[in-house]
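Here's a quick tour of the model shown below. Have it open in your viewer while you read.

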Amino acid sequence: MVKQSIFGRITQLAKANINALLDQAEDPQKMLDQMVRDYSNNISEAESAIAQTIGNLRMLQDDHAEDIKAAQDWGNKALAASRKADEFRAAGNAADAQKFDNLAKVAIQRQMSAENEAKAAEPTIASQSEVVDRLKTGLDQMKGKLNELTSKRNELVARSRTAAAQTQVNDALKSIDIMDPTSEVGRFEEKVRREEARVRGQQELAASSLDSQFNQLEDLGEQTEVEARLAALKQGSSAPAALSAGTGGARTAGKGNADELPVVDEADFDKL
């Protein structure tokens with residue numbers, strides 16, 4: 001009964017503390033540390049209760065030992081009184097002999113009383129001894145569980161710290177992963193690519209404008225040469241040799257510029 005009441009109360013306390021911690025758990029390490037503290041406190045309470053139970057048993061054992069010793073002492077006194085009575089009776093002193101016989105009887109009665117008290121205490125001592133043995137065994141088991149809980153706590157805390165460190169490493173690796181478009185490097189690379197594309201667009205626009213300017217210069221040069229040759233014909237000089245090289249003939253009308261040669265009917269050349 002004592003064992004059941006002690007460990008039942010401790011078990012209820014442990015369950016209540018653990019359930020409360022689980023309901024309010026935010027930091028696993030703090031929760032585990034609190035569990036270790038609570039279980040250690042429960043063991044301390046158990047040790048105190050068991051110590052009191054052991055103390056009660058030792059008192060019973062001491063009382064039993066005193067009863068045994070008292071029974072032995074009264075037995076010795078009864079024997080001594082009986083022998084003394086025999087001596088007086090042998091000497092013819094009947095009165096003193098009867099006196100010591102009476103003393104022997106009283107000693108025997110007290111011896112019997114002490115023996116009865118010792119016998120009455122023996123079942124209780126045996127029962128309490130079994131309870132104490134079970135309590136000691138249970139306490140050793142609780143201490144073993146505490147060692148397991150402490151080891152588990154250390155293991156889980158180490159795993160938690162390892163996981164947190166791995167998460168930090170992964171986050172750091174992700175932030176510099178050049179293949180990940182969501183990383184800082186990836187976003188910066190995308191910004192650079194957009195800037196490069198904008199520059200290429202500007203270059204294409206600039207090149208297109210420059211080509212147009214050169215085309216205008218070529219058209220102006222051709223018109224100037226035509227005017228020069230026409231002036232030479234009017235002055236009666238021979239046609240420039242460049243006419244046979246096809247310098248101007250390779251170009252076709254159709255630029256659409258205002259400085260191009262006037263459109264003529266090919267039949268007009270047959271009339272010349």
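## Rings and a charge

First, the ring rule: rings of Phe, Tyr and Trp (its six-membered ring) pair if their centres lie within 6.5 Å, with planes under 30 degrees apart counted as stacked, over 60 as edge-to-face and the rest as tilted. That rule gives one aromatic pair here. The partners are F88 and F100, stacked at 5.4 Å centre to centre with 20° between the planes. The pair links distant parts of the chain, as F88 sits in helix 2 and F100 in helix 3, 12 residues apart.

There's also a charge over a ring (NZ of Lys or CZ of Arg within 6 Å of the ring centre and within 35 degrees of the ring normal). K77 lies over the face of W74, 4.5 Å from the ring centre.

## Ground rules

This is a predicted model, so local features need pLDDT of at least 70 and side-chain atom pairs count only at pLDDT 80 or more, while totals for chains, interfaces and linings use all residues. Numbering starts from 1 along each chain as its sequence is written, and side-chain values use heavy atoms, with hydrogens and water left out.

## Overall make-up

The protein has six helices and zero strands, where helices (H or I, at least four residues) and strands (E, at least two) are DSSP runs numbered from the N terminus. Its accessible surface (Shrake-Rupley, 1.4 Å probe) comes to about 19,900 Å², and 55% of that belongs to carbon and sulfur atoms.

Buried residues make up 19% of the 272 residues; buried means under 20% relative accessible area, exposed over 50%, and partly exposed in between (1.4 Å probe, protein chains only). Take contact as heavy atoms within 4.5 Å: of the contacts with a separation of 6 or more, 70% involve residues 24 or more positions apart.

## Helix 2 and its end

Helix 2 covers residues 28-90, 63 residues in total. At 1.5 Å times one less than its number of residues, the helix should span 93 Å, and its end C-alpha atoms are 92 Å apart, which agrees. Just after helix 2, G92 takes a positive phi of about 85°.

## Core and burial

A nonpolar core is a set of buried Ala, Val, Leu, Ile, Met, Phe, Trp, Tyr and Cys residues joined through side-chain atoms within 4.5 Å. The largest one has 20 residues, and Y39 and I43 have the most contacts inside it. Helix 2 and helix 3 are the elements giving two or more residues to this core. Beyond its neighbours within four places in sequence, I43 contacts L139, M142, K143 and L146.

Over in helix 3 (residues 94-175) you'll find D101. D101 is buried, at 17% relative accessible area, and touches S82, A85 and R89, not counting residues up to four places away in sequence. F88 is partly exposed, at 22%.
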